[in-house]
Structures are given as C-alpha cells and as structure tokens.
Amino acid sequence: MLLIVSGKLGVGVVFVQGAGSAFVDLITSSFWSRFGRSILVAVVTCLWAISMPVNSATNKTIIVHDDRGGGVVERARLIQTYQTDGIRIEIRGNYCLSACTMYLSLRETCVLPKTKFGFHGPSSRLYGISLSPDSFEHWSQVMARHYPEPLRTWFIDEGRYRTVGFYEFSGRDLINMGISRCKV
C-alpha cells in the first residue's frame, strides 16, 4: 500500500507491507528535519489506522457515490473481501452502473430511492464487441450470483442480453424488490 503524506514544506511516501509493518522512504533528506515529530505522529497514526483488523464488530460502512462500474472479476473479489470483513455498503450517489450493481449481493447493502442503477450483460472490454457464447454464459452467471431475487431472475431472463447501454432502475424500484433503503 502506498500512502502519500504532504504538507507545506514537502511530500513523504509511506510504503506499508502487511499488517503493522512498514518503512518510510522520504523524498528529500531535508524533509524529515523540516517536519520533525509532527510527521512521525501522522505516519504512526496512519499506520495504526490501516493496520487495524476489520470485523463485523467495528460496523464498518462504505459509502458509494457515482460509480461507473469496472471489471467483473475485480469487483467480485472486492465484494468477497467486504463480505468476509462484514462491511456494510450504502449506495448514495446519483448513479451506480455496471459492476457497481454487484454490491447488491451484500446482505447489508442499502440504496437511496433517487439513485439510478444501470444494468447490462457481460461484454468484451472493447466496447460493442461480443463475447463467445460460452464466455457470455459464464460471466452472465457470475454477475447473476451477485443479485438478489427477483433481480437475479430478471437479469438472466432479460437484462444480460443488453450489452450496449443500460437497463435503468431507480433505487425506489430496487427497494420495491426488497433491497434495503438507506436511512437519510
């Protein structure tokens, strides 16, 4: 993990290796003398905060704002980590598109009624290029596993066949399907 610490007089870089172990590489030798103890306190505080284990007892919440999606594989891995760590997702932005919608699989995800959700089927990273039938089926099933019912059935029956553009649902539509509404 790379953490940039900046201030009026310079910039420092903290490289973190594993939980609680780290070393500091300072860009200029004068950096340390300029910041002295205050930078040490900041670095130690940051290292302590990022090395703390996350568990369901901490009630960690991540707020999602205006997420355009991204790769299915990467998002599925992130979701698995969030599920293991008991992290709650609140989708509070104006939109949640493509792979962002996969957050709906997490037990404690909530949405705002005004948020627009964009669903489409799996496609190549090259816009408009179709996947082979076997790949299309595989990735459709991977995506579908990240949707609760009845959204899962809709996606398999209809939603996955649109690979250019989006089917749009409002947060209110999803709340009506059983997704939790975020408290305002």
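Trainee: Which residue stands opposite I91 in strand 7?
Mentor: Happy to start there. This is a predicted model, in which local features need pLDDT of at least 70, side-chain atom pairs count only at pLDDT 80 or more, and totals for chains, interfaces and linings use all residues. Residues are numbered from 1 along each chain as its sequence is written, and side-chain values use heavy atoms, leaving out hydrogens and water. In strand 7, the residue opposite I91 is V111.

Trainee: How many bridges pair strand 5 and strand 7?
Mentor: Strands here are DSSP runs of E with at least two residues, helices are runs of H or I with at least four, and both are numbered from the N terminus. Two strands pair if DSSP finds at least two bridges between them. Strand 5 and strand 7 (residues 110-111) run in the parallel sense, and their bridges number 2.

Trainee: Which residue in strand 5 is the bridge partner of I62?
Mentor: Strand 4 (residues 61-64) runs parallel to strand 5 (residues 88-91), joined to it by 4 bridges. Within strand 5, the partner of I62 is I89.

Trainee: What hand does the β-α-β unit of strand 4, helix 2 and strand 5 have?
Mentor: Point the strands away from you: a crossover is right-handed if the path from the first strand over the helix to the second runs clockwise. The helix in this unit is helix 2 (residues 72-85), and the unit is right-handed.

Trainee: Is P122 buried or exposed?
Mentor: P122 sits in the loop between strand 8 (116-119) and helix 3 (133-144). Contact means heavy atoms within 4.5 Å, and beyond four places in sequence P122 touches residues including F136, W139 and M143. Buried means under 20% relative accessible area, exposed over 50%, and partly exposed in between, using a 1.4 Å probe and protein chains only. Because its relative accessible area is 6%, P122 is buried.

Trainee: How far apart in space are P122 and M143, C-alpha to C-alpha?
Mentor: In sequence, P122 and M143 are 21 residues apart. In space, their C-alpha to C-alpha distance is 8.0 Å.
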